[in-house]
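Subject: Structure handover

Hello,

Please find below the structure we talked about.

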Amino acid sequence: MAAIAGVSITTPKIFASASVRSPKPSPIKLSLLNSPWKSCTTHLRMYVRPVAAAPDKLSDKVEESIKNAQEACSEDPVSGECVAAWDEVEELSAAASHAKDKNKDSDPLENYCKDNPETDECRTYDN
Amino acid sequence: MAASSLSTQTHFNPTPPKTHLGLFNQNQVVLYGKTTTTTCRRRFISCSAEDKTVVIGLAADSGCGKSTFMRRLTSVFGGAAEPPKGGNPDSNTLISEMTTVICLDDYHSLDRTGRKEKGVTALDPRANDFDLMYHQVKAIKEGIPVDKPIYNHVSGLLDPPELIKPPKILVIEGLHPMYDARVRELLDFSIYLDISNEVKFAWKIQRDMAERGHSLESIKASIDARKSDFDAYIDPQKQYADAVIQVLPTQLIPDDNEGNVLRVRLIMKEGVKYFDPVYLFDEGSTISWIPCGRKLTCSYPGIKFTYCPDTYYGHEVSVLEMDGQFDRLDELIYVESHLSNISTKFYGEVTQQMLKHADFPGSNNGTGLFQTIIGLKIRDLYEQITRTKTAAPLEATKA
């Protein structure tokens, strides 16, 4: 009971509650506090992986491409450049929407536990 | 006799044993060849029943629900499909235990700048390398891993290739899976998502209006600019598809322009190997069915089903149509219990699959229902193909 509350007489165990919506670094801190004998390096190494493009960059690209398309088509509405420019807009809009969906689904704790189910925070007791 | 049975056996394993990680079961067949001398020579012939991958093709324009369909399809086979771990984070490939989904955008021959210079869209065949597509899909089908290029949608460049190991089921999704005749021959089953212009416009508005810079005019201009290439290169593929999911505005609400309620038609080609079309009540007849009545209460605008035989681009087809929306679980299970040939393994499987992904778009109308049913039909097709492959070597050994 006391452990769940986050304050315990013996070892302080911090449980990630569902309401915790913090950026990526939090799972590192949690596991370090719970198992201080584990070295930082392994956890940090786990987390330094290439990150897909952030949606903000994509949103800027979408906006830019719309402006380019409107310029290209103001000169000649049926040219190849105009059509290719609007196709680019479509491609970037699709990519932005996919990136948004991907980010919407990702929960930092769930992502960490998917890769490391044996760690303390991720153990489940079903039986 | 030994010689003749040997020759039939070698047909199943023409290539030397593959040196990469073999994922298929090897059935070792030992044949004793009797020669004129007293010694018996043993011949080892290995037959891999799952040597050949089943290939499914899915064609649809951008923003038409390919990703949702893929997620439903891979879910039918079990497990979630995810991008390859440790690889390029912008990879378009999805891998699950039984399936691998390849996005055909990876076979673009021109990257974004290249297309801009030449003034071609991604829909144009000149922007795609069909030779590479054909050779790689053929290789995967025969069980040989390939290094497939990656088209990065964010940067618009062609990234270094990634290794694709032959899965049990390969799904190729994109704009041109059925464009090239050679690739078409490799497909065991093909699907085309045909979204009507009004519905496409409504979906793109929903998708893009939240984006900075987009307005109603820009969305409309984008659709119109791509329309001529789409009609010339993408749309004709629907005549080759074994199943077409056509999405139209509803007929239940007069003058509806919100596009929330959809009329979805599942057009299934007759005579496709391993594929029996879904039907209502009586195969080959014309049925019009409104399930809402005494046993089932539906809210406005209700649900209407139609089933009839028809012709589509010169082929005999069966058309199952659903107009309306599901509001409650019991409507869905009631409808499922009246459909035939849906290839479920237990009563309520379609409903269970729909509920599992209740947050996906289209989960309350015909798009989700027919996509789920097609997923189950593909599973049935896969099981039939693998069953015939395991049966054939057994037949040869008996001879």
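Over all chains, the structure holds 31 salt bridges; a salt bridge is a side-chain nitrogen of Lys or Arg within 4 Å of a carboxyl oxygen of Asp or Glu. This is a predicted model, in which local features need pLDDT of at least 70 and side-chain atom pairs count only at pLDDT 80 or more, while totals for chains, interfaces and linings use all residues. Residues are numbered from 1 along each chain as its sequence is written, chains are lettered from A and ligands numbered from 1 in the order in which they are written, and side-chain values use heavy atoms, with hydrogens and water left out.

Salt bridges in chain B

Side chains of opposite charge can pair when their charged atoms come close. One such pair is B:D180 with B:R182, at 3.1 Å from N to O. B:D180 is buried, with a relative accessible area of 13%, whereas B:R182 is partly exposed at 30%. Here buried means under 20% relative accessible area, exposed means over 50%, and partly exposed is in between (1.4 Å probe, protein chains only).

B:D224 and B:K220 also meet in a salt bridge, at 3.3 Å from N to O. Both lie in helix α7 (residues 216–234) of chain B, 4 residues apart, which is about one turn of the helix. Helices (H or I, at least four residues) and strands (E, at least two) are DSSP runs, numbered from the N terminus. An α-helix has 3.6 residues a turn, so residues three or four places apart point the same way. B:D224 counts as partly exposed at 41% relative accessibility, and B:K220 counts as partly exposed at 43%.

A further salt bridge joins B:D330 to B:R328, with the closest N and O atoms 3.1 Å apart. B:D330 is partly exposed at 36% relative accessibility, and B:R328 is partly exposed with a relative accessible area of 35%.

Where the two chains meet

How many residues does the contact take from chain A and from chain B? It takes 34 residues from chain A and 33 residues from chain B, where contact means heavy atoms within 4.5 Å. The size of an interface is often given as the accessible area lost when the parts come together. Chain A and chain B bury about 2,700 Å² between them, and 51% of that is on carbon and sulfur atoms. Buried area is the accessible area (1.4 Å probe) that two parts lose on being put together, summed over both. On the chain A side, A:W86, A:E90 and A:E91 lose the most area to chain B, together 22% of what that side buries.

Between chain A and chain B the count is 10 salt bridges. A:K100 forms a salt bridge with B:E211, with the closest N and O atoms 3.4 Å apart. There is also a network of salt bridges that links A:D87, A:E91, B:D61, B:R112, B:R115, B:K200 and B:R226.

Rings

B:K200 has its charged end over the ring of B:F230, 3.8 Å from the ring centre. Likewise, the charged end of B:R184 sits over the ring of B:Y240, 3.6 Å from its centre. A charge sits over a ring if NZ of Lys or CZ of Arg is within 6 Å of the ring centre and within 35 degrees of the ring normal.

There are 6 aromatic pairs over all chains. Rings of Phe, Tyr and Trp (its six-membered ring) pair if their centres lie within 6.5 Å; planes under 30 degrees apart count as stacked, over 60 as edge-to-face and the rest as tilted. B:F77 and B:Y382 form an edge-to-face pair, 6.4 Å centre to centre with 90° between the planes. This pair links distant parts of the chain: B:F77 is in the loop between α2 (66–76) and β4 (94–95) of chain B, and B:Y382 is in helix α10 (residues 366–398), 305 residues apart. B:F77 is buried at 13% relative accessible area, and B:Y382 is buried at 10%.

Helix α2 of chain B

α2(B) is mostly covered, with 9 of its 11 residues buried. Among them are B:F69, B:M70 and B:L73. Just after α2(B), B:G78 takes a positive phi of about 100°.

Regards
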